[in-house]
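Here is a friendly walk through the contacts and sheets of one structure. Keep the viewer open as you read.

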2 protein chains.
Amino acid sequence: MTAFADLMAFQRETEALAQIAGRLGWDQETMMPEGAAEQRGEEMAAIEGVLHSRRTDPRVGDWLASAKATDAAGARALDLIGRSYHRNVAVPGRLAAEIARVTSVAQGIWAEARAKDDVAHFLPVFEKVVALMREKGQALAEAGFGGGDVYDALLDDYEPGATAATIGAMFGRMRPRLVALREKVLGAAGHPAPVKGTFAKEGQLALARELATAFGYDWNRGRLDLAVHPFSSGSGNDARITTRVVEADPFNCLYSTIHEVGHACYELAIDPDHLFTPLGAGVSMGVHESQSRIYENQLGRSRAFTGWLHGRMRDTFGDFGVATAEEFYRSVNRVQSGYIRTEADEVHYNLHIMMRFDLERQVMAGVLEVADLEAAWNARFAEDFGVKVDRPANGVLQDVHWSVGLFGYFPTYTLGNVYAGCLMKALRADLPDIDADLARGDARPATDWLAAKVQRFGGLYRPAEVIERACGFAPSEAPLLDYLDAKFGDLYGL
Amino acid sequence: MTAFADLMAFQRETEALAQIAGRLGWDQETMMPEGAAEQRGEEMAAIEGVLHSRRTDPRVGDWLASAKATDAAGARALDLIGRSYHRNVAVPGRLAAEIARVTSVAQGIWAEARAKDDVAHFLPVFEKVVALMREKGQALAEAGFGGGDVYDALLDDYEPGATAATIGAMFGRMRPRLVALREKVLGAAGHPAPVKGTFAKEGQLALARELATAFGYDWNRGRLDLAVHPFSSGSGNDARITTRVVEADPFNCLYSTIHEVGHACYELAIDPDHLFTPLGAGVSMGVHESQSRIYENQLGRSRAFTGWLHGRMRDTFGDFGVATAEEFYRSVNRVQSGYIRTEADEVHYNLHIMMRFDLERQVMAGVLEVADLEAAWNARFAEDFGVKVDRPANGVLQDVHWSVGLFGYFPTYTLGNVYAGCLMKALRADLPDIDADLARGDARPATDWLAAKVQRFGGLYRPAEVIERACGFAPSEAPLLDYLDAKFGDLYGL
């Protein structure tokens, strides 16, 4: 065998083992009996240890030095394996193990602190997490990742090629328009009423399944289960989704299902030739999020689709107090200032992200101390949202991300929204009848378009490249902002 | 660290990875979407590859050569790791891989052949399986396992220390008494009626859960799901069970649940200090089966327990045509000649096993050709059961075991029954009021006794040793045969 073939065979096994680790994570959140938690921690550590030693195996370095690809997919696979190898060897084993250990403890302490609204309880372990992540970012920066910048070196893990400078510049252009839209909407005369009532679990789950089907989810290669925090999991021919049910808020279940279907459909649509290669998964967090967001928002919260959903809601739950499709559309898209990012509407969502992005950059750069983070959060929130944070669980303690060391992750959510805006513009140009399809409850023409234009390539192209190829224009924030202005201008009669 | 500590740390990770492989197997039979089957095959091969290379890692050999244990548990752990290591290195990697590949294909072909009643369809691949298993047995025998005997070397995988000679001698003593009992029972004047009707799935599953609780199953460390063929899976703090529902036959679900609870309780009761060591799982198939069988039969099919179950059946399903507890007890224990081992009553079950034991020894010894196995099966069945096999699915094709290379496994089922007979004798002596407990639907005094006397030791003692320590006498077939004679003599008024 050649070095290339040897490397790809080795990588294939590594990818298969990584799938197993993912499946174990799924089990932990959906099926695992409670009493197994501690044991599972040791099992996860064992498989992560195997993966780490394979990803830093010196043979990979040797193979990379002499392997030659014969086509573009092979060349891209070598790039991605090389990237992973060099990132992994750049972080000392001692540091990687310490990060795994400390973040696992920190996540538990964060959950306690959030439950008790006690920031001080979280700060000591969070200091350690921040110090370790700075050290990791430093090690990666020294190895040349992120152009030598600590934050960019971390960001590069989630959105290869992105930098804080370009993202920051884009966010800077977006923020004034979002703030202006927010103010106009909140100041509008008529506000939609929220949906009220109790919506039985069985009905919500039946409708969630129907929605997944409407968006083309392949039940032969996936399944839907309940989880505390909805997520999707798995690649290739086994991409599962989860949802949760809040009986007072059916949109929680229904729209989180559509969101996770977007993630899962991406994985399921990837060219089967890429299975168990570095090209066999979504290419970045931003592109992944663009799929979940366009399914959930641009398609799922459109007037056309909610018109159909309104009828299915009435079929399922009877008269639930929302008489017309238009009234339902307005309820689904109700804009409201709130503390919680995950509950935010399309107008507010990106403002939540921008705030986190600015704060986490300052923390990583060492210009904002961990002890001062809460005050900085509250000041910024008052500035952007015009509301005083009432308690830490609604403020700096609300997200799990930082507790587990995810610095550089947040901006990919807004990047996903931006990409979704671009894709929707191109999709509408290619599929002029899409609203008629959505109004019949059939989103598949749209999702088939996404599968053909974005999803099937997996990791073949770089993140911004796959979006540009799909759209025929370079991605920018403009289509998203235009879409939001038009949609909410219309909805609120601005 | 010392060689002992190094070895145990390495082993700990291996055990954790083995748990993961087991969990993946559970997922495959309960949760996995159908379309993921092929991908899962590659994932399983990857983790099995990791396990195989750890189990044959030359460092294990080095550590074993110099490791010193400081207590009995440590010494036993070294024995078990050494046993596993030497068995694994005795089988050439090429042969192990070929067995994995061929048996995986053979299982699929066997399922097709059984569905079509087409023995000829199965024979070509089965020839290969048999040749490979002979080769494996030969390699193990040459390495000194099974005292140099091919069949014993394979049997040793499932029941360490057992030999075909001693098992054959015991079976020889058992068979005349079982045949005599069978003839008397079948010739008896009054036969119990089978239970008839349709028993709703929900009711069966609710009752199955209640039965698991009655036998002390720890729901905080386990769960119950549906599977085509019921099984249990996992060790330590995560031992899951499965069952199936046949609406015309509630005993299928209820008694397979109790059976699997027996297996799972064994794993859950093992001393937590043994977790992730070679002592952290049931010591042999025979001892494992003794637990599932005593739960299912000696306890679960007792007059006392079925008296309680009769009431719960009436509570759950209403009047189902069996008026008295005594009538119900007779229905549950109805003796009937039948083709299928897994559906056999306590009188017939061991006759099914003895037949397979004799045939598989002849196949492994090369004195019975694969092409002649069906004829040999049918002749022996007519002799032992007085019935002509009507079709291969009811005959030589009924069990999956041989298709996946499980030669030497069948006798452990009867060994389990024999051990269960011994344990029940000792248990009755220690717990004179057990029938009163069972009559209240509480099997926990019995299962607590088993946990304390057998289960908690895990792999600490050798199989026959743990039974002898629990019983206070050397295990023999006599208690089982006495129990069967008494129970069915009474039931059939012999």
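Chain B and chain A bury about 2700 Å² between them, with carbon and sulfur atoms giving 60% of it. Buried area here is the accessible area (1.4 Å probe) that two parts lose on being put together, summed over both. On the chain B side, I20(B), P33(B) and Q39(B) lose the most area to chain A, and together they make up 20% of what that side buries. The contact (heavy atoms within 4.5 Å) takes 36 residues from chain B and 36 residues from chain A.

A word on provenance: this is a predicted model, in which local features need pLDDT of at least 70 and side-chain atom pairs count only at pLDDT 80 or more, while totals for chains, interfaces and linings use all residues. Residues are numbered from 1 along each chain as its sequence is written, chains are lettered from A and ligands numbered from 1 in the order in which they are written, and side-chain values use heavy atoms, with hydrogens and water left out.

How many salt bridges are counted between chain B and chain A? The count is 6, a salt bridge being a side-chain nitrogen of Lys or Arg within 4 Å of a carboxyl oxygen of Asp or Glu. One salt bridge joins D27(A) to R240(B), whose closest N and O atoms are 2.8 Å apart.

There are also 12 residue pairs in polar contact between chain B and chain A, both residues at pLDDT 80 or more. A polar contact is a pair of N or O atoms within 3.5 Å; within protein, one must be able to donate a hydrogen and the other to accept it, and residues adjacent in sequence count only if both atoms are side-chain atoms. Helices α1 (3-30) and α2 (37-55) of chain B each supply at least two residues of the side that touches chain A, and α1(B) gives the most, with 11 residues. Helices (H or I, at least four residues) and strands (E, at least two) are DSSP runs, numbered from the N terminus.

## Two domains in chain A

The domain assignment, which is automatic or from a database, gives chain A a domain 1 (3-155) and a domain 2 (161-494). Their centres, taken over C-alpha atoms, are separated by 26 Å. The contact takes 38 residues from domain 1 of chain A and 51 residues from domain 2 of chain A. About 3900 Å² is buried between these two domains, and carbon and sulfur atoms give 65% of that area.

Across this domain interface the rule finds 2 salt bridges and 15 residue pairs in polar contact, both at pLDDT 80 or more. On the domain 1 side that touches domain 2, α1(A) has the largest share, 11 residues.

In chain A, 3 strands form an open sheet in the order β1-β3-β2, with mixed pairing; two strands pair if DSSP finds at least two bridges between them. The edge strands, each pairing on one side only, are β1 (224-226) and β2 (232-233) of chain A. Strands β1(A) and β3(A) (residues 240-243) run parallel, joined by 3 bridges, and D225(A) has T242(A) as its bridge partner in β3(A).

Chain B also has an open sheet of 3 strands in the order β1-β3-β2, with mixed pairing. Here β1(B) pairs with β3(B) (residues 240-243) in the parallel sense over 3 bridges, and L224(B) has I241(B) as its bridge partner in β3(B).
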